[in-house]
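Good morning, everyone. Please look at the screen, and let's walk through this one together.

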Amino acid sequence: MSTFESFKSLSRAMFLGFRRDRTALFFTVLFPLMFLVVFGGIFGHQSTSKVKVLEVGRAPVLDQAVAQGAGELGKVLKVEKATDRAAALRTVEKGDADAVVEQRGGELVVHYSAADQVKSGTVRGLMNSVVQSANLSASGKPPSYRLTDRQVEDDSLKAIQFFTPSLLGWALASAGVFGASQTLVTWRTKGILRRLQLSPAPIPTVFAARVAVSLAVALVQFALFVVVAQLPMFGLKLSGAWWMAIPMVIAGVLAFLSIGMLIGAWAKTQETAQAVTQLIVLPMAFLGGSFFPLDASPGWMRALSYIFPLRYLNEGMLNVMGRGLGPTSALPQIAVLLGVAVVGALIAVRLFRWDAA
């Protein structure tokens, strides 16, 4: 039997096995989709501690409010000066600042990003308070100032644009790490690895088939997420370089598979593999930005999030699916994910053993 025929037969057998496993199907496909439906139908706001605002030119209304209420306002608002309006707007679009504020006569204009609903709602509320305070200080006179808010992205974009990538990232991470670790430990404890070693199919072909099936399932997940999120009740809109999410998904799956293989190569029992996987996947889901924006998190938590590959997958997909950035914006994240995949695979090879003993 040729290498290709072995690869095709093994891939088909593994896919059929995955399809027959209703538990795996539920947790890989349906369970993440349930979260998408819940988050799409019910999206609440929560409070946050501090927002960063870029002031373009002079905004006397804002300057006066900061000067008069430096103590209290300074606890929730950080104002930085900016001279380049276009660069400031790009900074907000990338998520490095929460809003751009500029004043045109009696109009205070706030440019915000819909990428973080919590921060955008907070900054608009703060600026509204600033404008109202300025109007109240001029007692006996008609209101002199008004607030105008503008979204830096396309006005048609909704919150679904931003949590679809994050929930998809969590689904891919869970499926990749759990699937690879449990498969490898199960094969070892049941003696399947030894039988595969004695079979005509080369071992690299066996693992290549496993990776191919995982990539195929991940791409199906991606398609399902996009189709469901584009339903009229949710309203996901794809434009620009959204297609860069596909190589992002592939790089992410390879990274998570390598982590799962590493766990499976080290763990001696399924219980150990499952416990270690939970200890990695759950913190990675929260610190990777899948369930809440990291901007509102403490500094140590944001710094810690960079050790988890899910942070890079979520950020890269958000750039191209939510923020409308160009294809090159995802390249650094893809490079990190592929680096994790290579390092994880090399360590897994060093730890790999054929028998459970």
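This is a predicted model.

Now look at residues 42–48. Here pLDDT stays under 50. The model has 12 contacts for this stretch beyond four places in sequence. Be careful with them. Where pLDDT is low, the predicted coordinates should not be read in detail.

Next, the annotation. An unreviewed UniProt entry marks "transmembrane region" at residues 24–44, 167–187, 207–229, 241–263, 275–294 and 330–352. Let's check two of these spans against the model. Residues 167–187 are 100% helix and 0% strand. The end C-alpha atoms of that span lie 30 Å apart. Residues 330–352 are 91% helix, again with 0% strand. There, the end C-alpha atoms are 32 Å apart.

On to packing. Two packed helices are described by the angle between their axes and the distance between the axes. Take helix 10, residues 245–266, and helix 14, residues 331–351. How do their axes cross? They come within 8 Å, at roughly 20°. Angles under 35 degrees count as roughly parallel, so helix 10 and helix 14 are roughly parallel to each other. Their crossing is left-handed.

Which residues meet? From helix 10, they include Pro 247, Met 248, Leu 254 and Trp 266. From helix 14, they include Gln 333, Ile 334, Gly 344 and Leu 351. The residues of this contact divide into 19 nonpolar, 4 polar and no charged.

Helix 14 also packs with helix 13, residues 309–321. These axes come within 9 Å and cross at roughly 150°. The cut-off for roughly antiparallel is over 145 degrees, so helix 13 and helix 14 are roughly antiparallel to each other. This crossing is left-handed too.

Who makes the contact? Helix 13 brings Pro 309, Tyr 312, Leu 313, Glu 315, Gly 316 and Asn 319. Helix 14 brings Gln 333, Val 336, Leu 337 and Val 340. Sort the residues of this contact and you get 6 nonpolar, 3 polar and 1 charged.

To recap: helix 14 is roughly parallel to helix 10 and roughly antiparallel to helix 13. And treat residues 42–48 with care, with pLDDT under 50 there. Thanks, everyone.

Key:
Residues numbered from 1 in each chain as written. Predicted model: local features only at pLDDT ≥ 70, side-chain atom pairs only at ≥ 80, totals over all residues. Heavy atoms only, no water. UniProt positions renumbered as here; feature names shortened; annotations may be inferred. Helix = DSSP H or I, 4+ residues; strand = E, 2+ residues; numbered from the N terminus. Axes fitted to C-alpha atoms, helices over the stretch in contact; angles between N-to-C directions. Parallel < 35°, antiparallel > 145°, perpendicular 65-115°, else oblique. Left-handed = near helix turned anticlockwise from the far one by under 90°. Contact = heavy atoms within 4.5 Å. Nonpolar A, V, L, I, M, F, W, Y, C, P; charged D, E, K, R; others polar. pLDDT = per-residue confidence, 0-100.
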